[in-house]
Amino acid sequence: MLALASLLTVAVVHPAQAETGDLTCTGNFQFDFTPSLTPTNTTADATVGGGLVNCQSPNGKYTRLKSGVRTGTGTATRHFGDHCAPVMTITEQAVLTWNTGQKSKFDITVNTDPSAGRITISAYFTHGPLAGDTANAYPVVHPNTDCTTHGLSQLTSEALQVFWE
């Protein structure tokens, strides 16, 4: 678990079409995997939910965005490692519904596999507010408490910081 948490605290900043400091928020998320990832089951459907709060726009361009709710679906692939602290890749398409009622669509990739490139948790915003921006998150994560007996069915972060650029 600690290995996964330490891997997920590193993010790669990708170039974006927006200015640095468009938005920053705190929040949480939970990935649910169906079926659970186990030593023999290495792929699963992934759904995610989460929220953002305390959003601030350092450059003043997005001051109306204060909070949001995130939903998405995708896939998870465990490449190797302990199934409760796996080296894995999660890809999804997601929607963030802001406090204003506006919706942002984005593609997110969570990669904890150093052989597949740098360790990343990043989202590229394709539509709606912040389109063209890349968001990078810095979560602390943990698996479901019964992971050792039932497999990895959830990956949760109660605290993360997200930065849009």
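Visitor: How many aromatic pairs does the structure hold?

Guide: It holds 5 aromatic pairs. Rings of Phe, Tyr and Trp (its six-membered ring) pair if their centres lie within 6.5 Å; planes under 30 degrees apart count as stacked, over 60 as edge-to-face and the rest as tilted.

Visitor: Why is the pair of Phe31 and Phe33 called stacked?

Guide: The ring centres are 6.3 Å apart, so Phe31 and Phe33 pair under the limit of 6.5 Å. Their planes stand at 5°, under 30 degrees, so the pair is stacked. Both Phe31 and Phe33 are buried.

Visitor: Before we go on, where do these values come from?

Guide: This is a predicted model: local features need pLDDT of at least 70, side-chain atom pairs count only at pLDDT 80 or more, and totals for chains, interfaces and linings use all residues. Residues are numbered from 1 along each chain as its sequence is written, and side-chain values use heavy atoms, with hydrogens and water left out.

Visitor: What makes Phe106 and Phe125 a stacked pair?

Guide: Their rings are 4.7 Å apart centre to centre, with 15° between the planes.

Visitor: Why does Ala123 count as buried?

Guide: Buried means under 20% relative accessible area, exposed over 50%, partly exposed in between (1.4 Å probe, protein chains only). Ala123 has 5% relative accessibility, so Ala123 counts as buried. Phe106 and Phe125 are buried too. Of the 165 residues of the chain, 47% count as buried.

Visitor: Where does Ala123 lie, and which residues does Ala123 touch?

Guide: Ala123 lies in strand S6. Leaving out residues up to four places away in sequence, Ala123 touches Phe106, Asp107, Ile108, Asp133, Thr134 and Ala135. A contact means heavy atoms within 4.5 Å. The C-alpha atoms of Ala123 and Phe106 are separated by 6.1 Å, and the two residues are 17 residues apart along the chain.

Technical notes. Helix = DSSP H or I, 4+ residues; strand = E, 2+ residues; numbered from the N terminus.
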